[in-house]
Amino acid sequence: MKSDGHPLEVKHIFVSPGHDFRGRHGLGREDNGVVDCDEVELVAGSGIVGDRYFNHKEDFKGQITFFEESVWLAVKEKFALPELPASEFRRNVIVSGVDLNSLIGQQFAIGDLEFSGSEEASPCYWMDEACAPGVEEFLRGRGGLRCRILGGGTLAKGTFDLRVLGAV
């Protein structure tokens, strides 16, 4: 699958210095906070500078995560959570204009930045605590996209050309 491109809008870019849920089974949630940045620096093979997963481990599949704005809005509506912030999903980049599942197994570019779609960012049971009971099940199959960063640089909010470069 190769495309000449279409518009994709980056709505939010989230960075968190620490893990709220990872390694916390039976211990409750941490509160490391999330910062909604106007722009961030991406480093190929490493992740987002300042994020909890930066240099996590070699060839990490989740150097950056994407989440569809439409899924966030659907959760807000279905679970009657009008004040639910997009940051609650703990994904890095909230986008509109793309079906993220179509990018699994694909190399793609957002502007001049290049990524490899690794796998779905599968929801876990913490989504029920972070949002509402039933959200984990609702998000199955649309939990977002985990990616490796192939070509780094600055990612900013705004509208960009999304190009699918081909299969990984």
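Two strands pair if DSSP finds at least two bridges between them. Strands (E, at least two residues) and helices (H or I, at least four) are themselves DSSP runs, numbered from the N terminus.

The model is predicted, and local features need pLDDT of at least 70, side-chain atom pairs count only at pLDDT 80 or more, and totals for chains, interfaces and linings use all residues. Residues are numbered from 1 along each chain as its sequence is written, and side-chain values use heavy atoms, with hydrogens and water left out.

## The chain as a whole

The chain holds 3 helices and 11 strands. Read from the N terminus, the elements follow the order β-β-β-β-β-α-β-β-β-α-α-β-β-β. The chain has 168 residues, and 49% of them count as buried. Buried means under 20% relative accessible area, exposed means over 50%, and partly exposed lies in between (1.4 Å probe, protein chains only).

The accessible surface of the chain is about 8,000 Å², and carbon and sulfur atoms account for 48% of this surface. Such areas come from the Shrake-Rupley method with a 1.4 Å probe; for residues, only the protein chains shown count as cover.

A contact means heavy atoms within 4.5 Å. Among contacts in the chain between residues at least 6 apart in sequence, those that join residues at least 24 apart make up 76%.

## Strand pairing

Strand E1 covers residues 6-15 and strand E11 covers residues 158-167; the two run antiparallel and are joined by 5 bridges. E1 also pairs with strand E6 (residues 93-96) in the antiparallel sense, over 4 bridges. A further antiparallel partner of E1 is strand E2 (residues 35-36), with 2 bridges. Strand E3 (residues 39-43) pairs with E4 in the antiparallel sense over 2 bridges.

The table gives one bridge for each of these pairings.

| Residue | Bridge partner | Strand of the partner |
|---|---|---|
| Glu9 | Thr159 | E11 |
| Val43 | Gly47 | E4 |

E3 and E4 belong to an open sheet of 3 strands, in the order E4-E3-E10, with antiparallel pairing. Strand E4 (47-48) and strand E10 (153-156) are the edge strands, each pairing on one side only.

Ser96 lies in strand E6. Its C-alpha is 9.4 Å from the C-alpha of Thr159, although Ser96 and Thr159 are 63 residues apart in sequence. Leaving out residues up to four places away in sequence, Ser96 touches Leu8, Glu9, Lys11 and Glu69.

## Nonpolar cores

A nonpolar core is a set of buried Ala, Val, Leu, Ile, Met, Phe, Trp, Tyr and Cys residues joined through side-chain atoms within 4.5 Å. The largest has 25 residues, and those with the most contacts inside it are Leu42, Ile64, Phe66, Phe108, Phe115 and Leu155. Two or more residues of this core come from each of E1, E3, strand E5 (64-68), E6, strand E7 (106-110), strand E8 (113-120), E9 and E11. E1 gives the most, with 4 residues.

Leu42 touches, among others, Ile64, Phe115 and Leu155, not counting residues up to four places away in sequence. A second, separate core has 17 residues, including Phe79, Phe89, Cys131 and Leu139.

Cys131 counts as buried because its relative accessible area is 13%. Cys147 is buried too, with a relative accessible area of 0%. A disulfide is a pair of cysteine sulfur atoms within 2.5 Å, and by this rule the count comes to 0 disulfides.

Arg148 lies in strand E9 (residues 145-151). A polar contact is a pair of N or O atoms within 3.5 Å; within protein, one must be able to donate a hydrogen and the other to accept it, and residues adjacent in sequence count only if both atoms are side-chain atoms. The side chain of Arg148 makes such a contact with the side chain of Asp59, at 2.8 Å. Not counting residues up to four places away in sequence, the residues that Arg148 touches include Asp59, Lys61, Glu114 and Ser118.

Ser118 is in strand E8. Ser118 counts as buried because its relative accessibility is 18%. A polar atom of the Ser118 side chain lies 3.0 Å from the backbone oxygen of Lys61. With residues up to four places away in sequence left out, Ser118 touches Lys61, Ile104, Arg146, Cys147 and Arg148.
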